[in-house]
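Here's a quick tour for anyone meeting this structure for the first time. Have a look, then read on.

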Amino acid sequence: MATNLSNHPERFRTAVAGRQPVYLDYAATTPVDERVAQKMMHCLTLHGVFANPASTSHQMGRDAKGLVELARVQVANLVNARPSEIIWTSGATESDNLAIKGAAHLGAHRNRRHIVTCKTEHKAVLDTCKQLELEGFDVTYLVPGQSGAISLSQVQSAVRDDTSVVSIMHVNNEIGVVQDIAAIGEFCRSRGITFHVDAAQSAGKLPIDLQALSVCLMSFSAHKVYGPKGIGALYVCSSPRTLIEPIIHGGGHEKGMRSGTLATHQIVGMGEAFDIARQQLQSDHDHIERLRERLLTGLREVGGVHCNGCQTRRVAGILNVSFEGVEGESLLFALRELAVSSGSACTSASAEASYVLRALGRPDQLAQSSIRFSLGRFSTEPDVDYAIQVVKREVPRLRALGQQTL
Amino acid sequence: MSTVLEYNKVVVDHFNQPRNAAGGPGADYVCGEGGSADNGAWMEFQLKLDKRRIQQARFRAYGCPHTIALASWLTDRLVGEQLLEDHVLDKKEVADVLGLPAEKMRSVLIAEDALRDCADKLSGAQA
């Protein structure tokens, strides 16, 4: 019997009071660029390029393979890598798993069972490391300073003779701080340690030059760059050659590193999205940076606003702020006309604050009341102005309800 | 960073239009508080009493929508009730009306703490 939805509690509606919410959650995902969607649709149906790219015995298969290889060039070009260094995966989560497990398992054969990462990494890295701990690996979790940054000296002092992998993200997804992957990479290379970087939040937002960087493995996602969900890539450095053990077996696709029939339409979408990102890197950045300044200036007018994370080494699109005197879940609900993220997850009795913000040393109240506004290519001034208007209406209202005598 | 936002009509109504919000300290009321902002939920009731009978109630609250809605709803619900030293709220009624999930039941305990604090203050004032 079908579940009766008529008595269901009121949920987070897509339309509040007839108005579509303003989308300010580009760090979670982005809409697919129209130009990307057009290319993808060409790879699905009977009269399109639908054949299996591995079917090189016929022209239709070779056509599909041609598009896959073109996309590989497009992805490689955004980050100045060689096309042969790009491995298709299902997304950054799989790339992180493949990179860290793949390198750690190989290191274990040489009795290297130590991994260094950071407490504010994405769960795809943290949970992978936790799994490796269960398998007997030893993991050091570095704690960033108040700015959110990990210093080179922290990595230097954490590394041991049996360290096989260091994994540090390029840009943090909650606060947008940029890590010094150039310096950390240099150090890791000098010690023969595999250096992995999760670049899901930085590709297409910051220039990345993998010829210049000493990075062994780098994870990418298409859907953060106006491409489709369900597709990503892992850069595997060819010189010096980085080796990883596969975690998915069967068919030997992608040089045996990641088996499975290639999703032509997804790959073509990622290629086109990365190509557009390369062409629009500067103009996207300038557009987003201008809107971020406008948003921050407007938000500050309610007073008691704290920016979380380093404000100099940061990506343009992420603005993470805490509001004094307002609880996070209520704030998120009060701002339901805006599609934003909260650092709080007050569904548990302990009202656990954002693990990232707590790692930065924010007091619980401020960590609980953080909101991540993230802007993107399709954000507009009216979007930003509307967000400011809603915040200016709701934050003082909630503050007044809970006004405490000090 | 995911938060499941699921509130019933009563919660949404009281959250959008709180009843009897105090807006500040209540000098001529019996006031009592429970919980703390640092722990994510704080509630204060300001009561006008005829002996122990609640004639009027106001609130201040910091917390999730359930906490704010509960405080607001109680300011209506409590009128006419007797304020008791170990005041107990009907948890089943509260959970039914506000659709409180199990993990939010601590809001009810905070409300009880605030009411018991009112009762303590009342005894202190009378002593």
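A residue counts as buried if 20 or more other C-beta atoms lie within 10 Å of its own, exposed if 12 or fewer, and partly exposed in between, with C-beta atoms placed from the backbone. By that count, buried residues make up 51% of the 406 residues in chain A. Keep in mind that this is a predicted model: local features need pLDDT of at least 70, side-chain atom pairs count only at pLDDT 80 or more, and totals for chains, interfaces and linings use all residues. Residues are numbered from 1 along each chain as its sequence is written, while chains are lettered from A and ligands numbered from 1 in the order in which they are written.

**Chain A overall**
- Chain A has 11 helices and 13 strands (DSSP runs numbered from the N terminus: H or I of at least four residues for helices, E of at least two for strands).
- The C-alpha atoms of chain A fill a box of roughly 70 × 55 × 50 Å along the principal axes.

**The sheet in chain B**
- In chain B, 3 strands make an open, antiparallel sheet in the order β1-β2-β3 (strands pair if DSSP finds at least two bridges between them).
- Its edge strands are β1 (30-36) and β3 (53-62) of chain B, each pairing on one side only.
- Strand β2 (residues 41-50) of chain B is joined to β3(B) by 9 bridges.
- One bridge pairs B:W42 with B:Y62 in β3(B).
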